[in-house]
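This briefing is meant for a reader meeting the structure for the first time.

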Amino acid sequence: MANDKNVLGTAESTEVFNDYEFSPVPDDKKNTWKSQVFVWLGVGFCLTAFTLGGQIALGLGFWPTVAAVLIGGVILTIIGALCGAIGIKSGLSSTVSSRFTFGKYGAMVFGIIVALCNMGWFGYQCTFFGSSISGVFRLAAGMEVNTTFCIIVGGLLMMITAIVGYKGIKMLSQIGVPLLFALILFGVVKTFVMVPAGEILSAAPAMKMSFATAVSLMVGSFIVGVSIVQDFTRYSKTVKDSTIGVTLGFTLGYPVVVICGAIFACAFQTNDITDIMINILGFGYVAALIIIIATWTTNDNNLYQSTLGLTNTFHGLLKLPRWIVTALCGIFATILGALGMIDWLVPFLSLLCVLIPPISGAMLADFYILKNADKYSYEKMNEIPDFKVDTGIGAIAGCLVGLCMNEAPVGFGVPFMVELSNVVPTALVAMFVSVVVVVLIGKIGKGRA
């Protein structure tokens, strides 16, 4: 394994766009939370956040939506802060760190799941991105532009910053986040001018939705992102910096965007953000451009993390520089979007969201509860076993429980467990089971040793 470390270093030294896929981020490349603030705030600034807020608000009304969103945001923040601290300790991406948790071969499964999950999100948002562009031309100028063409163009454009890596994401976020903030601010102000505040805050739900389901939607919408958040926290100087960043992103930034979506939905009884911004509020092409940039800041994150997963999984087998792998993943995901992935994305991502949290739960249990944090070091990579039984079994157990809580065809549809999913988010239950199993097996193993 010592030779592997030399190969890793050589690979990165010759990489045109060095983003430290396989090695720790150097100290001189790390930042305080202040210099990363737009990256963290930009994580949740996307069209889907507005749509989510509108969907929940139409089912609950305004104030219950605010409560559900804030509770979900706190849950996301706690998980993200714990996962993010691992990135500070190791300086490595989530897929590389997973080798310490699951072993060399077990980590390959993690990398593949991460890549597939994020390519799925990329393909979905390409469809959403393309549909939004097509809708912009139709709503604002009466022009019909082929949606598939817009999807392909949007997907190829969003690959650019992902190819550049974290540096490209940071640059785009520095542009997009302030613009979206301004749009939200003006949009909310104008909404309250057009519609009395009392009507917005007391708007009756248009459909039925339980409070637990609303919290589940909020948590599930970003559980994959917080589970692999160390891909970004490894660029933070300290645990304090990463924790502040995660808090900004998931307690402040993302919930605020979701709540703004709720305001618009309660005011205008629709969650079509494109129509609201362009036609109802009358912001026209300016709003369209800002909304598209906001989607871009999130979707290049998806492709960036897909590439990290694959380059780690197939390192030594796939002898291609990262930017080429990024381009290939982007083209593949864009094709999926053009073929209509939006129609079958929900069951696909529901399955992946059942798989990711138990894996992260196993990592958290191994790092914090079993006190193996000292092993998460690049210098100890030659000590990594092929497999780790406790974390492997724990992750599998959590996944099985999650599948039981989902109805067919995504899961096994065990009736009482499906009912449980209406009370507690499936991702949290699956993660909890994983943690418990890992700790029990780990304690038993240490006792016998």
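In this predicted model, Phe367 has a relative accessible area of 7% and is therefore buried, the cut-off being under 20%. Its ring partner Tyr376, at 0% relative accessibility, also counts as buried, and the two rings form an edge-to-face pair with 5.1 Å from centre to centre and 85 degrees between the planes.

**Aromatic rings**

- A search of the whole structure finds nine aromatic pairs.
- In one of them, the centres of the Trp121 and Tyr124 rings are 5.7 Å apart and the planes stand at 75 degrees, so this pair is edge-to-face, an angle over 60 degrees being required.
- Trp121 and Tyr124 both belong to helix α6 (residues 104-141), where they are three residues apart, about one turn of the helix, and both are buried.
- Phe367 and Tyr376 also belong to one aromatic cluster together with Phe100 and Tyr368.

**Helices α4 and α10**

- The axes of α4 (residues 62-90) and α10 (residues 211-220) come within 8 Å of each other and cross at roughly 45 degrees, and the two helices are therefore oblique to each other.
- The crossing of α4 and α10 is right-handed, and the residues of this contact comprise twelve nonpolar, two polar and no charged ones.
- On the α4 side the contact includes Pro64, Ile71 and Leu76, while on the α10 side it includes Phe211, Val215 and Met218.

**Surroundings of α10**

- The buried residues of α10 are Ala212, Ala214, Val215, Ser216, Met218 and Val219.
- These buried residues pack against α3 (47-60), α4, α11 (223-227), α13 (239-268) and α19 (415-421).

Notes. Residues numbered from 1 in each chain as written. Predicted model: local features only at pLDDT ≥ 70, side-chain atom pairs only at ≥ 80, totals over all residues. Heavy atoms only, no water. Axes fitted to C-alpha atoms, helices over the stretch in contact; angles between N-to-C directions. Helix = DSSP H or I, 4+ residues; strand = E, 2+ residues; numbered from the N terminus. Parallel < 35°, antiparallel > 145°, perpendicular 65-115°, else oblique. Left-handed = near helix turned anticlockwise from the far one by under 90°. Contact = heavy atoms within 4.5 Å. Nonpolar A, V, L, I, M, F, W, Y, C, P; charged D, E, K, R; others polar. Buried < 20%, exposed > 50% of the residue type's maximum accessible area, 1.4 Å probe, protein only. Phe/Tyr/Trp six-rings, centres within 6.5 Å; stacked < 30°, edge-to-face > 60°.
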